[in-house]
Amino acid sequence: MALTIGLMRIGVVVAGCLASSAVLAAGDIGGATLGVAWALPFAGMLLSIALGPVLFPHLWELNYGKFAAFWAMLVLVPLVLFRGFDPTLGALLHTGLLDYVPFIILLFALFTIAGGILIMGNLHGTPATNTVLLAIGTVLASFVGTTGASIIMIRPVLRANDSRRHNVHVVVFFIFLVSNIGGSLTPLGDPPLFLGFLRGVSFFWTTTHLLPETAFAVAALLALFFALDSWLYRKEEGLPPLKDPTPDRAIKLYGKVNIALLGGVILAILMSAGWKPGIVFDVRGIQVELQNLVRDVILLALAGISLKLTPGPVRAGNEFSWGPIKEVAKLFAGIFVCMIPVLAMLQAGRDGAFASLVALVSNPDGSANTVAYFWLTGILSSFLDNAPTYLVFFQLAGGDPVQLMTTGALTLTAISAGAVFMGANSYIGNAPNFMVYAIAKDRKVAMPSFFGYMLWSGAILIPLFLLQTVIFFR
């Protein structure tokens with residue numbers, strides 16, 4: 001009953017906030033006349049993702065798809081009622097065909113191919129070895145994604161340090177570097193950047209414009225890690241050695257064919273960016289370009305080849321399952337639907353319901369406040385999913401990729417860096433974070449609690465981001 005009353009209240013507020021029910025063109029839902037209440041399902045969706053796994057993990061695990069469907073319906077039903085069927089269908093097709101489907105196909109391909117690469121063997125976790133392993137994982141993240149790099153590297157890192165008394169910091173820095181900051185140099189690295197690529201940001205724009213910020217952050221964190229790890233390593237020297245459950249042995253790489261397949265993924269993305277045959281397919285007014293269709297087909301084919309050629313024991317060694325990608329697909333379906341009215345309102349700029357937010361990220365002379373873009377994108381990405389957060393601020397900055405890559409380059413850099421870097425501030429800021437936490441905890445690493453981890457990130461990352469603000473974004 002309480003839920004029903006709550007939904008009725010939301011419905012009243014939504015109805016009250018609608019300014020017009022005039023007939024609209026297909027795909028045009030009238031962003032300038034939408035009220036703030038239309039953003040409530042988007043907020044509810046993101047809060048569900050942030051709090052569900054923490055507050056009611058079992059219920060969430062069994063019903064996350066239903067949560068996503070619930071919030072999506074709170075958008076679609078009112079849109080049909082107050083904006084009409086054709087505009088709603090047009091907006092849904094635009095989001096699905098141009099954003100969601102290519103996004104999920106890339107994640108599926110990277111998840112499948114990276115899950116077929118297995119590193120076996122064991123090294124001794126000295127400070128130098130650990131630093132090199134973290135550096136390798138950080139570089140790898142921009143080519144196979146933060147999730148893929150985390151899947152490939154976390155178990156070798158844990159095996160290297162399973163005979164050490166102090167190893168929590170190794171996993172914490174792994175999350176900082178491999179699961180987040182390392183994915184900042186290509187659209188393959190982190191979902192927000194691929195969404196930018198789908199919106200028209202050039203593939204190598206990210207590489208060139210985020211390289212200074214990324215190199216600074218990576219160098220600072222690796223140096224700090226080496227110093228901390230060396231100090232903790234020396235503290236153990238006079239103590240009786242612990243039994244090593246995984247004795248040192250030669251490193252072996254399995255599933256090598258997947259390395260070539262990852263190269264195919266990169267080539268497919270570059271092909272879609274460089275090949276413009278001018279052939280488009282009209283799907284109820286939505287223009288789907290041939291090069292993007294070819295790219296998606298190639299990605300699916302590469303994933304299929306990986307499944308065919310990778311031996312079963314290799315995937316078993318990575319504890320590979322389809323659960324994570326199913327969860328991502330269902331949750332992002334809900335996210336993309338809930339974003340439809342939010343992006344429309346942001347596109348309206350100062351004429352829309354988010355005029356106050358536009359003012360917050362603007363200087364008195366009307367220019368973009370890059371510091372505000374960096375920190376607002378980052379703070380929201382710390383607790384909500386960084387991909388939709390990126391899109392919100394991308395749209396808030398005008399949504400024109402040509403302008404943002406040129407005269408607005410510093411603004412887009414701030415948005416990109418905030419979304420990718422600050423996803424490391426909490427366990428729920430980026431999908432690989434909690435996965436790494438769960439794997440490490442299962443391997444008997446005494447991982448910090450949710451707020452304990454934030455003490456680590458607050459003490460290490462926030463000062464780093466403040467320093468980056470002064471150097472790069474003022």
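**Entry 1: D229 and R164**

I looked up D229 and R164 and found their side chains joined in a salt bridge, at 2.9 Å from N to O. I count a salt bridge when a side-chain nitrogen of Lys or Arg is within 4 Å of a carboxyl oxygen of Asp or Glu. D229 sits in helix α8 and R164 in the loop between α5 (127–160) and α6 (168–177), so the bridge ties together parts 65 residues apart in sequence. I took helices (H or I, at least four residues) and strands (E, at least two) as DSSP runs, numbered from the N terminus. D229 is buried, with a relative accessible area of 0%, and R164 is buried too, at 4%. For these labels, buried is under 20% relative accessible area, exposed is over 50%, and partly exposed is in between (1.4 Å probe, protein chains only).

**Entry 2: the model**

I noted that this is a predicted model, in which local features need pLDDT of at least 70 and side-chain atom pairs count only at pLDDT 80 or more, while totals for chains, interfaces and linings use all residues. Residues are numbered from 1 along each chain as its sequence is written, and side-chain values use heavy atoms, with hydrogens and water left out.

**Entry 3: other salt bridges**

I searched the whole structure and got four salt bridges. One of them joins R284 and D86, with 3.2 Å from N to O. R284 lies in the loop between β3 (280–283) and β4 (286–289) and D86 in helix α4 (residues 85–114), 198 residues apart. R284 is exposed, at 52% relative accessible area, and D86 is partly exposed, at 40%.

I then checked R199 and D99, which form a salt bridge with their closest N and O atoms 2.8 Å apart. R199 is in the loop between α7 (191–198) and α8 (205–235) and D99 is in helix α4, so this pair links parts 100 residues apart in sequence. D99 counts as buried, at 3% relative accessibility.

**Entry 4: the whole chain**

I recorded 19 helices and four strands in the chain. Buried residues make up 54% of its 474 residues. Of the contacts (heavy atoms within 4.5 Å) with a separation of 6 or more, 80% are between residues 24 or more positions apart.

I compared the radius of gyration, taken over C-alpha atoms, with the globule rule of 2.2 Å times the number of residues to the power 0.38. A compact globule of 474 residues would have a radius near 23 Å, and the chain has 23 Å, which agrees. The C-alpha atoms fill a box of roughly 75 × 50 × 45 Å along the principal axes.
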